[in-house]
Amino acid sequence: MTDIDGGDLHALILAGGLSRRLGGVAKAGLMLEEQTLLARTVDAAACVIAAHRTTASGAGKGDGGIAVVGPVEKIAGWLATAKHRGQAVAVQENPPYCGPAAGIAAGTGALAGESGHVLVLACDMPHAGEVARLLVAKLADCSPGEGVMAVAAGKQQPLAAIYPLAELRAAADAARASHRLENASVFSLIARLNMLEVAVPAQLTADIDTWADARSQGIAAGPPAAEG
């Protein structure tokens, strides 16, 4: 085992997007088991961070931060059902709704610290907590400067990954300086980062893009005719 476990673990949760295929209904606010999807993801991230802190060689450090990226004026309401909402800080990408790469850049800028890792999750994965636990378990195999990314059904999942914070922040700064953030893909942002892959069951990374997806995950919202 390397000394990678000694670093802080933060979280960055993407809660923006225009949800066009949901008729503009925000994914972050959809309800599942009496919580919004964003609240579920924040609570899952907080639990993973706490578990990592107690088992890592750096035990005893403070909690890692949680940055939630999206419309700041709505995030507090979406987090009302989150037990760990006090750990989250809200920030929005600039300009608003300009894509997940810009969201990741904004989130890394809101996190304190210069080292460690950051768990990046989309807010619309109902099983994000299970994915996060599998990713954290793989961190022990990382060398300094490496991260881990989920792979489901042979497809890389950049929004279900743990990145080395310093390297991710540097990549975001470089993309911003060269005007390559707005509406850019996450893959373009992380192209030069060293990532290990961890295979996960496809159902764990299933997200909510349509009302049919929502119903398949037990979210009773939106009639079939509501899809745009």
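A residue is called buried under 20% relative accessible area, exposed over 50%, and partly exposed in between, with a 1.4 Å probe and protein chains only. This is a predicted model, in which local features need pLDDT of at least 70 and side-chain atom pairs count only at pLDDT 80 or more, while totals for chains, interfaces and linings use all residues. Residues are numbered from 1 along each chain as its sequence is written, and side-chain values use heavy atoms, with hydrogens and water left out.

The structure holds six salt bridges, a salt bridge being a side-chain nitrogen of Lys or Arg within 4 Å of a carboxyl oxygen of Asp or Glu. One of them joins E114 and R169, at 3.7 Å from N to O. This pair links distant parts of the chain, since E114 lies in the loop between α3 (100-110) and β6 (117-122), whereas R169 belongs to helix α5 (residues 165-177), 55 residues apart; helices (H or I, at least four residues) and strands (E, at least two) are DSSP runs, numbered from the N terminus. E114 is exposed because its relative accessible area is 63%, whereas R169, at 14%, is buried.

Within helix α5, D173 and R176 lie three residues apart, about one turn of the helix, and their side chains meet in a salt bridge of 3.0 Å, N to O. D173 is partly exposed at 41% relative accessibility, and R176 is likewise partly exposed, at 42%.

Another salt bridge is formed by D209 with K27, whose closest N and O atoms are 3.1 Å apart, and K27, D124 and D209 are linked in a network of salt bridges.
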